[in-house]
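Please open the structure in your viewer and keep the selection panel at hand. The tour below goes from stop to stop, saying what to select and what is found there.

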Amino acid sequence: MGKIALQLKATLENVTNLRPLGEDFRWYLKMKCGNCGEISEKWQYIRLMDSVALKGGRGSASMVQKCKLCARENSIEILSSTIKSYNAEDNEKFKTIVEFECRGLEPVDFQPQAGFAAEGVESGTVFSDINLQEKVQDLGGLAGCWRVPGGNYPSGEQRPSIQS
């Protein structure tokens, strides 16, 4: 399957450098089996710190999963070198914040949750453990949406993450 990028589009006011924090940051995704097309009903998370061995000693991945429908073993790996922050100058533009190496598992939806950090533009104050599912008032306005190219979105729309 190759690489799939996750892109974020946000409106940042008075903050910059919005980013996932740490190797234990949880990327909540819905996955699709590349063999049969089955899409997971529940949110699954992958973390940079997780490493699962692939069958046959072919390396490791962030997640290895057997499809419930077709029983094929699939995997997905977070490419750590591709994790980027979203900055004030990126406002209102889609920017790739992470890429995944997909071997049979394809992310089709993303749900941002807790674990993000940002900094005040003028003060430099660090805001940690930001939950993008909740309204964020202390940051002076933060709104956004995301997309996984080719993902399942109603009517082709990007899903909003938060609105303040």
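What follows is a walk through a predicted model, with stops at a core, a loop residue, a pocket and a strand residue.

**The nonpolar core**

Begin by selecting Leu 18, Trp 27, Ile 46, Ile 76 and Phe 100, which, of the 26 residues in the largest nonpolar core, touch the most other members. Then colour the elements that give two or more residues to this core, namely strand E1 (2-12), strand E2 (15-20), strand E3 (27-33), strand E8 (73-78), strand E9 (95-103), strand E10 (105-110) and strand E11 (116-120). E1 gives the most to this core, with 5 residues.

Stay with Phe 100 and show its surroundings: leaving aside residues up to four places away in sequence, Phe 100 touches a list of residues that includes Gly 2, Ile 4, Leu 6, Leu 29, Ile 46, Ile 76, Leu 79 and Pro 107. Lys 3 and Glu 77 are also among the residues that Phe 100 touches.

**A loop residue**

Next, select Ser 85, which lies in the loop between E8 and E9. Is Ser 85 buried or exposed? Ser 85 counts as buried because its relative accessible area is 18%, and buried means under 20%. Show the side chains here, and you will find that the one of Ser 85 makes a polar contact with the side chain of Asn 87, at 3.4 Å. Not counting residues up to four places away in sequence, Ser 85 touches Asn 17, Leu 18, Arg 19, Asp 90 and Lys 95; Leu 18 was also selected at the core.

**The largest pocket**

Now select Ser 40, Glu 41, Gln 44, Gln 65 and Lys 68, which, of the 15 residues that line the largest pocket, lie nearest its centre. About 340 Å³ of space lies in this pocket. E3 and strand E7 (63-66) are the elements that give two or more residues to the lining, and E3 gives the most, with 3 residues. If you colour the lining by class, 5 residues are nonpolar, 4 are polar and 6 are charged.

**A strand residue**

Finally, select Asp 129, which is placed in strand E12 (residues 126-130). Asp 129 is exposed, with a relative accessible area of 55%. Not counting residues up to four places away in sequence, Asp 129 touches Ala 114, Gly 115 and Phe 116, and a polar atom of the Asp 129 side chain lies 3.3 Å from the backbone nitrogen of Gly 115.

Note on methods. Residues are numbered from 1 along each chain as its sequence is written. This is a predicted model: local features need pLDDT of at least 70, side-chain atom pairs count only at pLDDT 80 or more; totals for chains, interfaces and linings use all residues. Side-chain values use heavy atoms; hydrogens and water are left out. Helices (H or I, at least four residues) and strands (E, at least two) are DSSP runs, numbered from the N terminus. Buried means under 20% relative accessible area, exposed over 50%, partly exposed in between (1.4 Å probe, protein chains only). Contact means heavy atoms within 4.5 Å. A polar contact is a pair of N or O atoms within 3.5 Å; within protein, one must be able to donate a hydrogen and the other to accept it, and residues adjacent in sequence count only if both atoms are side-chain atoms. A nonpolar core is a set of buried Ala, Val, Leu, Ile, Met, Phe, Trp, Tyr and Cys residues joined through side-chain atoms within 4.5 Å. On a 1 Å grid over the protein atoms alone, a cavity is a set of points where a 1.4 Å probe fits but cannot get out, and a pocket is an open set with protein on both sides within 12 Å along at least five of seven lines; lining residues have an atom within 4 Å of a point. Grid points are joined across faces, edges and corners, and a volume is the space filled by probe spheres set on the points. Ala, Val, Leu, Ile, Met, Phe, Trp, Tyr, Cys and Pro count as nonpolar, Asp, Glu, Lys and Arg as charged, and the others, Gly among them, as polar.
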